[in-house]
Structure formats: C-alpha cells, structure tokens
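Subject: Structure handover

Hello,

Here is the structure we spoke about, with notes on what was found in it. Please read the notes with the model open beside you.

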Amino acid sequence: MGTRDFRRVGVMGAGAWGTALANAAARAGQQAVLWGRDAPAMAQMARLRENQADLPGIALDPAVTPTGDLDALAAADAVLLVVPAQACREALGRLAPLLRPGAPVISCAKGIERGTRAFMSEVIAQAAPHAVPAVLSGPSFASDVAAGLPTAVTLAAEDAALAQALAAALGSTTLRLYHSTDVRGVEIGGAAKNVLAIAAGIVAGRRLGASAAAALVARGFAELMRFGRAYGAKAETITGLSGLGDLILTTSGPQSRNFAFGQALGAGTAGGGRLAEGAFTASVLVEMARARNVDVPVSAAVDAVLCGRLSIDGAIEALMARPQKAEG
C-alpha cells in the first residue's frame, strides 16, 4: 500500500483550508482536483483562478482544477476531506459510492462527532468502509499554506508505509509533513486544542492579562495530555506538532477562528460569524473525558459557558476557586 503513487490528489471542500491544501498539493508536483458543492462558484473559481470568497489575493496554482463534479473528485488517487467535522459523515455518504476500494481518505477536520463520539478516522471507516482512513493536522493557517509560507504538520495512518508515501506526495519545500502511525493522537490534538483556543480567546476578550493567558495555555496543555493518554495517544504526538504545536498557534491570536470566537464571547459581542469547530467539540470532549474520569476543568468551563450553565465571570471564578493541588 505504501508504494502507491499519488499523482492526482482530490480535495473535498473548497473553503480556505481546502483551497490552501490544493495549492500545497500542486506545489508538491501533483495534480489537484478541488471540489466544492456550489458548481457555479467552482466555475467562477476556475475562471478567475482565485478563491475570492475565502482566500482573496492568492492565486490558484496552475495544477489546481476547481470542479463541482464528484466523479472527478472520486477519480483521484487520494482524497483530502476538508469539510467541517460535523459534516464529514454526510459528505462521505455522497462520495463513498464513487471511491475506488483502498483509496486513502485523509481527514483534515479538527473535531469529534457529536452524538456518536466518533473521531474523524472512525467516521471515515464507518461512512466509507472501502476507503483507508488517514488524518492530517498541525499548526497551520490556511493563508500561510496557500501562500507557500514555511509550515510543518503531521500526517498519520495506521499503515506506516502509507503514511510515509502520502507525506512524501504532499510535502514540498514550503510544507513539511512528518508521518506517524498514531492516528488517535493526531486527531485528539486537533480536536482538543480548538476548545482550549476558545478559552484563550475569552481570556483575551476579558482583558485578563498575559499572565492569565500563559497559565491557561499551560494548564490547558496538561488536560490535553491527560485526555490523550486516556484515549490511547502517544505522549510524543501530544507534545509534537499536532498537539502542543497546534495549541500554541491557535491560542496566539484572532487569526485562529476559535480564538476569535472566544475573544468575541469574552468581549460580550457576537461569536464572530466564522465557523469555530471548538464550539461543537466542547460538549462531546467533556462527555468523553468524564466517561474515563479525566479531569478537564478548562474544557468543562468552556462547555458550561457555551451551554449557558455558567456566565464567563462565573466560570473564571470557579476555575480560580478549585481546591489547591500539586501541579500535574
């Protein structure tokens, strides 16, 4: 499986991240098929050679073919699934009947499915049983990747040779891919850091100061490590690009959608209008943590605020009033 050639890469989802990954695949020397459900919009993108809605000012690589044709997407040697986590199952339901058996489907979403508590690799296995699941995650803003700025992420698949082959096919001088077999660890880092980024945004929106921000990130990482360990992640994955690396990036400022969402909450304004995956992941992450007796106070506070069980000030007070304990 790992010796296969991935010369034609499909990207399902033509938002900012999907467009960026299509450009990255093309920059790596592959032919990229970028699919979006709005056929007229994809035709316009093909004509203008730019995703004006999501990445204005960044040209599509000549090797990127925008399309609204699912058959063209399914003909690719590997497919990057770049739709929101809660929409992955539905999207795969449309694509799965057209896929060739054994085609890798690489989740690029960062979340856990609500209701089922399924990670994205599990969603792929259930919705497209003839596909081979893989995941891609790490510290990466779409605009940076699309523009060819230096970025490093992790690609994981259960088969080491496949993970290595996919990383080699998508990597370039501007996008470095590390390969891994720790699928669960890579997924957990991507999902949990979004919830913690909302918390970091709230701290910024409430103007609680740099000391509070640093404490939040440090204690958030501690609970990310506990959650990861409980669900089988390797420690080196959680301390690597897809865990700590992505947490540092996404808690660094409002270029992160989740941080911006939290910042707006903290400031008492609307949620920013952009999709924040962490808002959907918070409740299911807390449910899964409780199921395995994992203490995740920061994530639980975010969930309580989002569900209206606590005010932001009440959540802050509850966190600060927790019983004294040794650090760990």
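**Helices on the sheet**

Helix α7 (residues 160–170) lies across β1 (8–12), β4 (78–81), β5, β6, β7 and β8, and runs at about 175 degrees to β8. Helix α8 also packs on the sheet, where it touches β6 and β7, and its direction makes about 45 degrees with that of β6. Contact here means heavy atoms within 4.5 Å. Axes are lines fitted to C-alpha atoms, for helices over the stretch in contact, and angles run from 0 to 180 degrees between N-to-C directions. Helices (H or I, at least four residues) and strands (E, at least two) are DSSP runs, numbered from the N terminus.

This is a predicted model, in which local features need pLDDT of at least 70 and side-chain atom pairs count only at pLDDT 80 or more, while totals for chains, interfaces and linings use all residues. Residues are numbered from 1 along each chain as its sequence is written, and side-chain values use heavy atoms, with hydrogens and water left out.

**The sheet**

The sheet is open and has eight strands in the order β3-β2-β1-β4-β5-β6-β7-β8, with mixed pairing. Its edge strands are β3 (64–67) and β8 (175–180), each of which pairs on one side only. From one strand to the next, the twist averages 25 degrees. Two strands count as paired if DSSP finds at least two bridges between them.

Two of the pairings can be given in detail. Strand β5 (residues 104–107) pairs with β6 in the parallel sense over four bridges, and Ile 106 has Ala 134 in β6 as its bridge partner. Strand β7 (residues 151–156) and β8 are also paired in the parallel sense, over six bridges; Ala 156 stands opposite Ser 180 in β8.

Strand β6 (residues 132–137) has five of its six residues buried, so it is largely enclosed by the rest of the structure. Buried means under 20% relative accessible area, exposed means over 50%, and partly exposed is in between (1.4 Å probe, protein chains only).

**Helix α8 and its neighbours**

Two packed helices are described by the angle between their axes and the distance between the axes. For α8 and helix α9 (residues 210–230), the angle is about 155 degrees and the axes are 10 Å apart. That makes α8 roughly antiparallel to α9. Angles under 35 degrees count as roughly parallel, over 145 as roughly antiparallel, 65 to 115 as roughly perpendicular and the rest as oblique. The residues of α8 that meet α9 include Ile 188, Ala 192, Leu 196 and Val 203, and those on the α9 side include Leu 216, Phe 221, Leu 224 and Phe 227. By class, this contact of α8 with α9 has 12 nonpolar, three polar and one charged residue. Ala, Val, Leu, Ile, Met, Phe, Trp, Tyr, Cys and Pro count as nonpolar, Asp, Glu, Lys and Arg as charged, and the others, Gly among them, as polar.

The axes of helix α8 (residues 183–205) and helix α11 (residues 241–250) come within 8 Å and cross at roughly 25 degrees. α8 is therefore roughly parallel to α11. Val 186, Gly 189, Gly 190, Lys 193, Asn 194, Leu 196 and Ala 197 of α8 make the contact with Ser 242, Gly 243, Asp 246, Leu 247 and Thr 250 of α11. The contact of α8 with α11 divides into four nonpolar, six polar and two charged residues.

Leu 244 also lies in helix α11. Its relative accessibility is 28%, so Leu 244 counts as partly exposed. Not counting residues up to four places away in sequence, Leu 244 touches Phe 221, Ile 238 and Thr 239.

**Helix α12**

In helix α12 (residues 257–267), the buried residues are Asn 258, Phe 259, Ala 260, Phe 261, Gly 262, Ala 264 and Gly 266. They pack against α8, α11, α13, α14 and α15 (312–320).

**Positive phi**

Most residues other than glycine have a negative phi, and most peptide bonds are trans. Arg 117, which is not a glycine, has a positive phi of about 60 degrees. Arg 117 sits in the loop between β5 and α5 (120–127) and, at 37% relative accessibility, counts as partly exposed. Asn 293 has a positive phi of about 55 degrees and is not a glycine either. Asn 293 lies in the loop between α13 (277–291) and α14 (297–306) and is exposed, with a relative accessible area of 74%.

Regards
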